[in-house]
Amino acid sequence: MRILAISGSLRRGSHNTSLLRAAGELLPPIDELVFWDGLKGVPPYDEDDDVVPAPASVTSLREAVAAADAVLLSTPEYNSSVPGALKNALDWGSRPLATNVFRNKPVAVVSSSAGAFGGVWAAAELRKVLAAMGARVTEAELSVGHVHEKFADDGSLADDDLRTGLRDALETLVTGALERIAAA
């Protein structure tokens with residue numbers, strides 16, 4: 001099982017990226033979590049630029065999603081919604097709508113914030129966008145409040161409840177991917 005991990009945060013010390021790393025450590029050895037870290041290089045979506053060949057960063061995103069059995073997204077919340085860079089990348093990934101690389105792809109969304117609500121609104125917005133693109137958005141829901149308190153000084157996950165939540169989200173995602181593979 002190949003799971004593509006995409007963090008919606010550009011920050012080097014991102015807690016959302018740390019969540020994805022922690023998720024990767026929870027996977028069994030037969031599964032693989034692969035990071036796509038090209039978010040910062042994706043140009044603003046402009047239909048005039050949506051040509052073949054696509055910009056290199058867009059091609060990288062599309063190829064990474066196509067090569068994955070499932071996608072795990074982790075997003076912060078900016079102004080009660082999805083960060084612009086992540087939404088922009090998804091706009092590129094959603095083209096062409098009928099055959100985009102996210103269509104029928106199992107996707108799980110996790111979110112986090114320093115506040116108490118853990119990016120709940122951003123996660124809901126992201127699920128809505130992914131569903132509109134035709135992705136198979138899983139029922140896995142994990143919003144992590146006070147995320148800065150969930151990691152040890154060395155960056156390792158220090159919260160057992162969060163570890164369980166991540167494990168549950170991964171199991172739901174993997175189950176969705178296996179169902180898609182079996183139906184193919």
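Strand E1 gives three residues to the lining of the largest pocket, the largest share from any element. The model is a predicted one, and this pocket has a computed volume of about 240 Å³. Its lining consists of 14 residues, and those nearest the centre are Ser7, Ser9, Thr17, Trp36 and Asp37. Two elements contribute two or more residues to the lining: strand E1, which spans 2–7, and helix H1, which spans 15–26. Sorted by class, the lining comprises six nonpolar, five charged and three polar residues.

For Leu142, the C-alpha atom is separated from that of Ser111 by 6.4 Å, although the two residues are 31 apart along the chain.

The last feature is a pair of helices. A packed pair is described by the angle between the two axes and the distance between them. Helix H3 (residues 84–93) packs with helix H4 (residues 120–133) at an angle of about 10°, and their axes are 10 Å apart. Angles under 35 degrees count as roughly parallel, and H3 and H4 are therefore roughly parallel to each other. On the H3 side the contact is made by Leu86, Lys87, Leu90 and Gly93, and on the H4 side by Leu126, Val129, Leu130 and Met133. Of these contact residues, six are nonpolar, one is polar and one is charged.

Key:
Residues are numbered from 1 along each chain as its sequence is written. This is a predicted model: local features need pLDDT of at least 70, side-chain atom pairs count only at pLDDT 80 or more; totals for chains, interfaces and linings use all residues. Side-chain values use heavy atoms; hydrogens and water are left out. Axes are lines fitted to C-alpha atoms, for helices over the stretch in contact, and angles run from 0 to 180 degrees between N-to-C directions. Helices (H or I, at least four residues) and strands (E, at least two) are DSSP runs, numbered from the N terminus. Angles under 35 degrees count as roughly parallel, over 145 as roughly antiparallel, 65 to 115 as roughly perpendicular and the rest as oblique. Contact means heavy atoms within 4.5 Å. Ala, Val, Leu, Ile, Met, Phe, Trp, Tyr, Cys and Pro count as nonpolar, Asp, Glu, Lys and Arg as charged, and the others, Gly among them, as polar. On a 1 Å grid over the protein atoms alone, a cavity is a set of points where a 1.4 Å probe fits but cannot get out, and a pocket is an open set with protein on both sides within 12 Å along at least five of seven lines; lining residues have an atom within 4 Å of a point. Grid points are joined across faces, edges and corners, and a volume is the space filled by probe spheres set on the points.
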